Amino acid sequence: MKNLCPPLFLNHKERLAFFLFLLGVLICTLGYKYYQFHTLKSQKFPQIQASVILQYQKTKGQKRYFVLKLKSDFGTFYTTSWEDLKNLKNKKVSLKLILEKVNFWDFIKGFYAPSFQLALLQEEDFRKPLRDFILQQHQTLLMGEYYLSLFLSDPLPLPWRELAQSYGIAHIFAISGYHTGILSALGFLILGWIYTPLHKRYFPYRNRYFDLGVIVLSLLIGYYFLLTQSPSYLRALAMSCIAFFLLFRGLDILRLESFFWSIAILLAFFPSLIFSIGFYFSCLGVLYIFLFFKYFKIPHSFLQKFLYGLSINISTFFLMGIVVYYFFPPFSPLSLSSILLTPLFSLYYPFVFIAHFIGFGGLLDSVLLWWVSLKTHTIILQPNFYLFIFCNFLTILAIFYRYAFFHFFCLILFIIYMALFCILKYYKIQFLHIKKFYLVFFLKSVKIPRLF
């Protein structure tokens with residue numbers, strides 16, 4: 001059936017006009033960033049205030065020092081301290097920076113700068129009461145930090161990060177479009193139950209779905225300011241706002257053009273996102289979903305829709321494989337469980353969200369602690385750079401050609417990776433023997449720990 005929805009733009013002149021508008025926004029954004037950069041560089045040792053996002057310890061020689069990831073008014077950056085620091089995570093600090101070697105390019109994408117005169121400020125993070133409310137519902141700090149990561153986009157604790165890598169479920173811990181969809185559905189369900197009687201009695205002339213959509217979007221926008229940092233959630237929020245606008249204007253929300261324009265809008269207002277790997281993964285995953293919608297029509301029966309949704313999850317998992325493992329090479333056959341765990345998360349997430357809201361967040365702690373205590377084995381299996389480029393090239397081709405969408409080459413290679421690990425684990429083949437296979441041509445590195 002032919003799509004009767006009107007196009008996003010009527011002609012190329014409208015597209016050009018909107019592109020020039022976004023270009024103007026980008027110039028203004030970069031101009032303001034340069035003003036911030038110039039203001040800081042004009043001072044020999046600028047003193048700034050920032051929030052500590054992450055703190056961890058490293059060793060150089062026989063000396064230990066702390067690495068701090070900080071967020072300030074002008075962006076995110078790293079610094080180090082050789083002092084014996086207490087836990088400063090989520091605290092406000094004051095420090096002086098040495099920006100001698102930082103250029104404007106580094107300033108945009110995030111940088112490292114030495115610092116001194118680090119001092120703790122009395123001012124507390126505005127989210128501290130919410131953090132305390134979540135932490136008080138758990139008997140172990142590990143579970144408290146796990147849920148802080150799940151709800152407030154805090155860094156994921158190391159044991160959970162290792163588990164996420166082994167099971168291939170890191171994407172469900174990074175607040176993104178998947179979480180936005182779940183929260184939106186939950187919001188429509190709860191608010192619809194409250195709003196529907198009021199709508200029928202006082203203003204039946206209004207569009208109930210439009211009103212609920214505005215309320216839910218407002219809550220999602222408020223949630224973004226609560227998170228303060230999450231490129232993947234920012235992309236999802238922008239896509240949600242654009243989809244809402246297109247839907248009630250009678251436009252097709254599944255057009256690829258709408259998706260690319262939403263990315264352009266985000267990059268115009270937030271140019272630093274171009275350096276975010278999480279933003280890249282998020283956009284790529286949504287692109288694969290859009291391509292699936294493009295080449296496979298949505299069925300009508302419930303069973304067919306269920307299988308259709310499962311197929312989207314499986315295809316996205318395999319299509320993202322090479323790209324994900326290029327940046328995060330730890331690999332395990334357990335990652336196949338992501339195909340099952342990802343849809344189950346859509347039930348788990350609203351359950352624990354409501355459980356924390358009513359003060360019973362620790363209901364599943366014993367089960368989750370048992371799960372995270374299980375030992376998993378991974379190998380470092382990193383795809384070659386040229387294979388990574390080839391996958392991105394196939395992705396571009398998939399926009400225009402159906403056959404490229406399947407990424408036959410990448411899918412087969414990903415299956416070979418899993419088979420390779422199983423062979424190594426059960427038949428004890430050594431790394432030197434692997435070099436005889438042509439697979440090594442496609443790999444940047446293979447590091448196998450002692451498992452046997």
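Tutor: A salt bridge here is a side-chain nitrogen of Lys or Arg within 4 Å of a carboxyl oxygen of Asp or Glu. The model is predicted, with local features needing pLDDT of at least 70 and side-chain atom pairs counting only at pLDDT 80 or more, while totals for chains, interfaces and linings use all residues. Residues are numbered from 1 along each chain as its sequence is written, and side-chain values use heavy atoms, leaving out hydrogens and water.

Student: What makes E257 and R15 a salt bridge?

Tutor: Their side chains meet at 2.6 Å, N to O, and the cut-off is 4 Å, so the pair qualifies. E257 lies in helix α9 and R15 in helix α1, so the pair ties together parts that are 242 residues apart in sequence.

Student: Why is R15 called partly exposed?

Tutor: Buried means under 20% relative accessible area and exposed over 50%, with partly exposed in between (1.4 Å probe, protein chains only); R15 has 22% and therefore counts as partly exposed.

Student: How do you know whether R131 and D154, which also form a salt bridge, are buried or exposed?

Tutor: R131 has a relative accessible area of 5%, so R131 is buried, and D154, at 9%, is therefore buried as well. Their closest N and O atoms are 2.3 Å apart.

Student: Why are α1 and α9 described as roughly parallel?

Tutor: The axes of α1 (residues 12-41) and α9 (residues 256-269) cross at roughly 25°. Angles under 35 degrees count as roughly parallel (over 145 roughly antiparallel, 65 to 115 roughly perpendicular, the rest oblique), so α1 is roughly parallel to α9.

Notes:
Axes fitted to C-alpha atoms, helices over the stretch in contact; angles between N-to-C directions. Helix = DSSP H or I, 4+ residues; strand = E, 2+ residues; numbered from the N terminus.
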